[in-house]
Amino acid sequence: MNDYIIYTDGAYSSSRNKGGIGIVILKDNKIILEYSKGYSNTTNNRMELTAIIIALSCIKNKVDSITVISDSQYCIGCIIKGWKRKKNQDLWNKFDFIESKVIDKYCSKIKYEWTKGHTDNNVYNNKCDKLAVDETLC
């Protein structure tokens, strides 16, 4: 099987007006990619959504399935629960575009899951959180 599990997280520091994203991609329970990047003039929700967009953009080969795991109720609610996308329309448009490209070219099975953030037993979510938070400190 050729399955990817993707953990994503976003962070924002209002005192620094800086945000960050963290991404960890696993294949066969091994990390194949860690990525982080910082942003200015943003929000936490924008960072959470940007992390998912960038993670999906990293898919460049055919895979059997992709599971995206995020601790953002905002993102998961809008993606799978039908919540209204009231803000961040520019990013939601990018998300829709990237997701359809991945579905058309690389993987027809993309699943999204919410996880509780900041728990001791969630190693990869914590790793993403650290990557994202570290970017707000730069």
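Modeller: Happy to! Let's begin with two words: a residue is buried under 20% relative accessible area and exposed over 50%, with partly exposed in between (1.4 Å probe, protein chains only). This is a predicted model, where local features need pLDDT of at least 70, side-chain atom pairs count only at pLDDT 80 or more, and totals for chains, interfaces and linings use all residues. Residues are numbered from 1 along each chain as its sequence is written, and side-chain values use heavy atoms, leaving out hydrogens and water.

Our part is helix α3, residues 89-105; helices (H or I, at least four residues) and strands (E, at least two) are DSSP runs numbered from the N terminus. The 17 residues of α3 reach 24 Å from first C-alpha to last, close to the 24 Å expected at 1.5 Å a residue (that is, 1.5 Å times one less than the number of residues).

Buried in α3 are Leu91, Trp92, Phe95, Ile98, Glu99 and Val102. Down the helix axis they fall within an arc of 130°, so they line one face of α3 (the arc is that of the directions from the axis to the C-beta atoms). An α-helix has 3.6 residues a turn, so residues three or four places apart point the same way. On the face turned away from the buried side, α3 carries exposed Phe97 and Asp104.

And what covers the buried residues? The cover includes α1 (44-57), β4 (65-70), α2 (73-80) and β5 (110-114), where contact means heavy atoms within 4.5 Å.
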